[in-house]
Amino acid sequence: SKLAQERAPQHVTVTVDEMDKFRSAATDGLALRAGVLVDKPAEGAQEFRGKRMLRLAADCVERESGKSTRNMNDEELVREALTGTGAFPGILSNVANKSMTQAYQTAPTTYQLWTASGSNSDFKDATRYRLGEADELEKVGQNGEFKAGEISEGSVKTSVATYGKTFSLTRQAIVNDDMGALKTMPSIYGAAARRMVNKMVYKILADNPTIEGKNLFSKDHNNLQAVDIS
């Protein structure tokens, strides 16, 4: 009948581009709600800033599958959202990554003030070459002759290792709309990772490793200084 046709559910086709925009806006909106700083929120982020996680989960399910979530209880809704094609878990993961990155970058450490960063192309040992200090300049005589200087070269071995831990957001936290868990747990691990790097760098100094055939701190490297503690 005509009435039945009017009441028939209408399936909305969501394009990939629209889903990308939705994920970006939902991620930034949820991040802002959790208290994570977002420099340039995606367009539409404010629309998601007031949504509970359950409502966002329902939005993801309906956009991706076209299913109605009206008759689903909380447990069914969360299960459907977490086992779908990935929009809801991806949004939660993106928010967690933003929180973790922010905590990592702002953790109070000092190693970065006097060390340099680099990269290895794989997990094999790599050799790093460095130039030593230049010898002192000499006064130029009346004939204008410049003497050739010398700069020594040294090398050390570097390697890459992987460190990590896993953590998860429980279904109960999602149902209870626990924004603290969404922000705090990743930020704790982010700050811990930065502190671990700081600790590892200073442990290298404390262990006094062999550099260019000699201990890092040694008479040969001319970097020892007597300290009067009397």
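Is Glu62 buried, partly exposed or exposed, and what is its relative accessible area? Glu62 is partly exposed, at 31% relative accessible area. The model discussed here is predicted.

**Salt bridges: overall**

- The whole structure holds 12 salt bridges.
- Asp20, Arg23 and Glu64 form one network, joined by salt bridges that share partners.

**Glu62 and Arg55**

- Glu62 pairs with Arg55 through their side chains, with an N to O distance of 3.7 Å.
- That distance qualifies because the cut-off for a salt bridge is 4 Å.
- Arg55 has a relative accessible area of 39%.
- Arg55 is therefore partly exposed, since the class runs between 20% and 50%.
- Glu62, at 31%, falls in the partly exposed class as well.

**Glu75 and Arg171**

- The side chains of Glu75 and Arg171 form a salt bridge at 3.3 Å, N to O.
- This pair links distant parts of the chain, as its residues are 96 apart.
- Glu75 belongs to helix α5, which covers residues 74–82.
- Arg171 belongs to helix α7, which covers residues 171–175.
- Glu75 is partly exposed, with 37% relative accessible area.
- Arg171 is partly exposed too, with 41% relative accessibility.

**Lys203 and Asp207**

- Lys203 and Asp207 make a side-chain salt bridge at 2.8 Å, N to O.
- Both residues sit in helix α8.
- They are four residues apart, or about one turn of the helix.

- Two packed helices are described by the angle between their axes and the distance between the axes.
- The crossing of α6 and α8 is right-handed.

**Helix α6 against helix α8: contacts**

- On the α6 side, the contact residues are Leu92, Val95, Ala96, Ser99, Met100, Ala103, Tyr104 and Gln105.
- On the α8 side, they include Leu182, Lys183, Pro186, Ser187 and Gly190.
- Ala191, Ala193, Arg194 and Val197 of α8 also take part.
- By class, the residues of this contact divide into 11 nonpolar, four polar and two charged.

Terms used:
Residues are numbered from 1 along each chain as its sequence is written. This is a predicted model: local features need pLDDT of at least 70, side-chain atom pairs count only at pLDDT 80 or more; totals for chains, interfaces and linings use all residues. Side-chain values use heavy atoms; hydrogens and water are left out. A crossing is left-handed if the near helix is turned anticlockwise from the far one by less than a right angle, and right-handed if clockwise. Helices (H or I, at least four residues) and strands (E, at least two) are DSSP runs, numbered from the N terminus. Contact means heavy atoms within 4.5 Å. Ala, Val, Leu, Ile, Met, Phe, Trp, Tyr, Cys and Pro count as nonpolar, Asp, Glu, Lys and Arg as charged, and the others, Gly among them, as polar. Buried means under 20% relative accessible area, exposed over 50%, partly exposed in between (1.4 Å probe, protein chains only).
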